[in-house]
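Open the model in your viewer and keep the selection tool at hand. The stops below go one selection at a time.

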Amino acid sequence: MSRRILAFALIAVFAAVLVGGCSDTEKETIEYTIRDYYAAYNAQDWDVCLGHIDDTNNVGAAIMELLKASRAATGEVTVNSIDSINITGSTATADVTATLRGKTETIEHHLVKRDGSWRISLEQ
């Protein structure tokens, strides 16, 4: 019986070490947020898109309509790279190089951290 308890205790400690050692850095979290946003945009999953946008002004319905119109006009967006992630407190910027309609361009994205999550900011 005590071996079984010891085995479970060791497994619990090992799992805790793995979970603690696998946490993402802030930059990785920002990159994930941007990539997931564009994956949702391409899939036209507007609820997930809105979940990645900072909507402090509570204009979600208007943003959703703009996203739909933009997606219809541009088609899918391929994110090629996310570079120059700069974090200052609860704000950040990231240069996103993406291809849409056959043209590649780099756009600076602004992000804000709210309630522990990074979100794409509509305000500059």
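Predicted model: local features only at pLDDT ≥ 70, side-chain atom pairs only at ≥ 80, totals over all residues.

**Stop 1: the tyrosines**

Select residues 26-43, which make up helix 2. Now show the side chains of tyrosine 37 and tyrosine 38. How are the two rings arranged, by the distance of their centres and the angle of their planes? Their centres are 5.0 Å apart and their planes meet at 80 degrees, so this pair is edge-to-face.

Tyrosine 38 and tyrosine 41 are about one helical turn apart, because three residues separate them along helix 2.

Are these side chains on buried or exposed residues? The cut-off for buried is under 20% relative accessible area. Tyrosine 37 has 9%, so it is buried. Tyrosine 38 has 13% and is buried. Tyrosine 41 has 4%, so it counts as buried.

Tyr37, Tyr38, Tyr41 and Trp46 form one aromatic cluster.

**Stop 2: asparagine 42**

Stay in helix 2 and pick asparagine 42. Asparagine 42 is buried, at 17% relative accessible area. Which residues does it touch, leaving aside those up to four places away in sequence? They are Arg71, Glu76 and Val77. Zoom in on valine 77: its backbone nitrogen is 2.7 Å from a polar atom of the asparagine 42 side chain.

**Stop 3: from valine 77 into the strands**

Select strand 2, residues 77-88, together with strand 3. The two pair antiparallel over nine bridges. Opposite valine 77 you will find leucine 100 of strand 3. Follow the chain to the hairpin turn, where two residues sit between strand 2 and strand 3. Glycine 89 in that turn has a positive phi of about 65 degrees.

**Stop 4**

Find threonine 97: its bridge partner in strand 4 is threonine 106. End at the hairpin between strand 3 and strand 4, with two residues between the strands. Arginine 101 takes a positive phi near 50 degrees there.

Key
Residues numbered from 1 in each chain as written. Heavy atoms only, no water. Helix = DSSP H or I, 4+ residues; strand = E, 2+ residues; numbered from the N terminus. Buried < 20%, exposed > 50% of the residue type's maximum accessible area, 1.4 Å probe, protein only. Polar contact = N/O pair within 3.5 Å; in protein donor to acceptor, adjacent residues only side chain to side chain. Contact = heavy atoms within 4.5 Å. Pairing = 2+ DSSP bridges. Phe/Tyr/Trp six-rings, centres within 6.5 Å; stacked < 30°, edge-to-face > 60°.
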